[in-house]
Amino acid sequence: MNINMNVTQKLIQSHLMHGDMKPNEEIGIRIDQTLTQDATGTLVMLELEAMGLDRVKTEVSVQYVDHNIIQEDFKNPDDHLFLRSACQRFGVWYSRPGNGVSHPCHQENFGKPGKTLLGSDSHTPAAGAIGMLSIGAGGLEVALAMAGEPFFTRMPLVWGVKLTGSLPDWVSAKDVILEMLRRHGVEGGLGRIIEYYGPGLDTLSAMDRHVIANMGAELGATSTVFPSDKEVRRFLRAWQREEDWSELVADEGATYDVYEEIDLASLVPLIAMPSSPGNVRAVSEVAGEQIYQTYIGSSANPGYRDLAVSAMMVQGRQVNDRVSFDINPTSRSQLETLMRDGHIAHLLHAGARLHQAGCNGCIGMGQAPASNELSLRTVPRNFPGRSGTREDKVCLVSPETATASAITGVITDPRTLGIPYPRIADPDYPIINRAMFMPPLPLKEAQQVALVKGPNIASLPNFEPLPDEIEVPVILKAANDVSTDEIMPPGLRVLPFRSNIPMIAEFSFDRIDPTYAERAKQIPGHIVVGGSNYGQGSSREHAALGPQYLGLRAVLTKGFARIHAQNLINFGVLPLTFIDFADYEAIQAGDVLRLTDLRRMLAEGNELVVENVTQQHTFQVRHDMSPRQVKFLLRGGLISWMKERLAGQ
C-alpha cells in the first residue's frame, strides 16, 4: 500500500477488520454508525428481534421516519409506534414523523468526519459529503452491524475526480452529478468509490457536496467520499457541533485507481429525461416542452440554498397556472430557518404547494404527477412509475431549472430568464431544533419495553437451508437495468405493507408482469432471468424478500447491482451470472432449469452447470460469492446464522 493515501484508503484502513485492501478482495470493516428509515427500518427491527439481540453495539444508530408519513389508514401510524418501541427496546435514536429526511438530518445532527456509516437506504453515501465512509446496504446487513458485526464488501477501485474552476451562474451541484451520469451512465460506478478532490472543492458547500454524494448511487458506486476540510468545519460549527470536526484530506502525492477531471466552469444546466438518471441532455436541447409539475427538495437537493434560490427566483412573480409547484422541505430545522428568512412566504405567494418535511413524492408518497405529463424534479431517481403514476414522465433537474420552468410552464434553461442569478450561501446560524429526536433509553429501562405490533406487522417467516437440487421453471425473463422499483414498487399503494411480507409479496414484479405473484403461488419454486445491472436503485430488501416468499430459488443475470445481489444472498436466494451471454438470449420464460449437487459445487468453486431440461442442453454459469457468503446461503440466509451466533454468545 502506498504510504501516501487518499481519503478513501484512510477511511477503510482505519476501520479494516478482515482482508486486504486489494481491488475486488473481500474486506470487512467496523461500522461506527447506522441509519435506518421506516420503509426499511421496520424489517431491520424485526430482524433484530428474530436474532434475539439485546442492545445495539454501534456508537450511534438512528431510526428516521421519513418515507411513510402519509397516514391514509392505520398501517403507517402503527408502524411508527412499532419503530418507536423498537428504538426504546434496542437503544436507538428515534426521529419522529415530520422531523425530516434521514440523509440531511443525519449530516446536520450526527455525521462525523472519519467515521463509517451503514444505512438501509441506497442514498446513505450522501454522508460522504463531510468526510465519512458511508455505504448503503440491505436492512439485514445493517441489522448485523447494529449487532456489532463487521460489514463485508469487495474492495472497490477508488475513482478520483478532480474538480477545477468554479460553477457559472445558473449552474449548481445537481449539474455536476448529472454531468457524471451524462458521461458514464447508471453502471459507470460499479465496483468503485468516487472521491472528489482538487481546487474546485473550495467553491462547493457541504450541502452542495451532499447533492453530489447522494446521487453517486445513481452511477452504481459503492460510495462517494469528499475530504473533511475547512468547509466541513464551517458546516459543523453552524450546527453547533464543531467539536465533532477533524481534518481528513488526501496525502500529498496520493494516487487513484481511475482518474477523471471536471472543469466546473464548463458545465451547463442539465436534465435527465425519462426514465433513467443516465438519460442526460443539456436543458437547452429540450427547452420549450410543456410541463405539468416542478418539485423542489428531497435528499438529492436538501440544502437551505436549494429552496432559497427558488424563493428568490419567484419573488414578485407567479408560477404558470398549469404547473403544480411542489416544495418539499427536507428537515424541520431547514423549514424553520427558511420561514425565519422570509423565503417560504415568497414561495407560497408565488403559488407553491408546501408539504411536510419528508421524502414524500420522491418515493411515490403523494405529489404524483398527471398521466403522461412532464414532471421536473430535484429528486435522485426517475425510474418508471416511481413517482406513483404508472405512466409518468419524470425529469431530474437542478432547483434553478425546476423553478425557471415553473415560471414559464415549459422546460426552460434558467440562463434565458433574463434575471440576476441569486447567489445564496447556506446560513452560519440556522435554527437548530433537535426536540424531535428521541434519545435511547438506559439499558435497564430498555429491557422492560415491549414491542408494539399493530395488526399489519408480522414476524419474519423461517428461512429454510438451500436444497441440494433445484428443478424449477423460469417464470419471468427481464431485460437490462431492471430496478428494485420494478421488482418491488414503492409508493402509497405498496410501502404500507413493508412490515407484512405475505402482503407485500403480492406486488412483486407488478410493473413488469402483473401475473407474476399469482403464477408463482401455483408452483413449488421458480427462477427469474435478468439482463445486466439487475436490481439497480433502492436498497429495499423487500425486492429480494417478496419474491423469495413466493418461491424464488435463484436469479440468473448478465450482472447484478451490488446491494441487490447481497440482499438475495441474505435471504437464501442463489445469484448467478451467465458466462456466455448467448445463453441469456437462448433461454425462454417457461423453460425448466435443473441445478444439482449444489452444496458441493458452491463449496468447491465459482462455476456451476445448469441443465435446461426443456431445451435439452447445458450451459455454464458462475457466482461471485465469497466462502463466507456461500456459508450464509447454504444455511438459508443471514438471520439463521446470526441467531445461532448470538445464542452461542
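**Entry 1: around strand 22**

I started with strand 22 and strand 23 (residues 552-557), which pair in the parallel sense over five bridges. For the record, two strands pair if DSSP finds at least two bridges between them. Helices (H or I, at least four residues) and strands (E, at least two) are DSSP runs, numbered from the N terminus. This is a predicted model, where local features need pLDDT of at least 70 and side-chain atom pairs count only at pLDDT 80 or more, while totals for chains, interfaces and linings use all residues. Residues are numbered from 1 along each chain as its sequence is written, and side-chain values use heavy atoms, with hydrogens and water left out.

I looked up who faces whom: Ile527 stands opposite Ala554 in strand 23. Ile527 of strand 22 also has Val474 opposite it.

How many residues of strand 22 (residues 526-530) are buried? Five of its five are, where buried means under 20% relative accessible area, exposed over 50% and partly exposed in between (1.4 Å probe, protein chains only). Both faces are covered, with His526, Val528 and Gly530 on one side and Ile527 and Val529 on the other.

**Entry 2: the helix in between**

Next I followed the chain through helix 18 (residues 542-549), which makes a right-handed β-α-β unit with strand 22 and strand 23. Right-handed here means that, with the strands pointing away from the viewer, the path from the first strand over the helix to the second runs clockwise. Seven of the eight residues of helix 18 are buried; among them are His542, Leu545, Pro547 and Gln548. After helix 18 comes Gly551, with a positive phi near 110 degrees.

**Entry 3: strand 25**

Strand 21 has another partner: strand 25, antiparallel, over four bridges. There I found Ile470 opposite Leu595.

I then checked an open sheet of three strands, in the order 1-2-8 with antiparallel pairing. Its edge strands are strand 1 (16-18) and strand 8 (151-154), each pairing on one side only. Strand 2 (residues 26-29) is joined to strand 8 by four bridges, and Glu26 has Arg154 as its bridge partner.

**Entry 4: rings**

I ran through the aromatic pairs and got 13 for the whole structure. Rings of Phe, Tyr and Trp (its six-membered ring) pair if their centres lie within 6.5 Å; planes under 30 degrees apart count as stacked, over 60 as edge-to-face and the rest as tilted. Why is the pair of Tyr64 and Phe437 edge-to-face? The ring centres are 6.3 Å apart and the planes sit at 85 degrees, so it gets that label. Tyr64 lies in strand 4 (residues 60-64) and Phe437 in strand 20 (residues 437-438), so the pair ties together parts 373 residues apart in sequence. Both Tyr64 and Phe437 are buried. I also noted that Tyr64, Trp93, Phe110 and Phe437 form one aromatic cluster.

Then charges over rings, which need NZ of Lys or CZ of Arg within 6 Å of the ring centre and within 35 degrees of the ring normal. Lys75 lies over the face of Phe74, 5.3 Å from the ring centre. The charged end of Arg377 sits over the ring of Tyr295, 4.9 Å from its centre.

Most residues other than glycine have a negative phi, and most peptide bonds are trans. Here I wrote down some exceptions. Pro274 and Ser275 are joined by a cis peptide bond, with omega about -5 degrees. Asn372 has a positive phi of about 60 degrees and is found in the loop between strand 17 (353-354) and strand 18 (374-377). Phe509 has a positive phi too, near 55 degrees. Is Phe509 buried or exposed? At 0% relative accessibility, Phe509 counts as buried.
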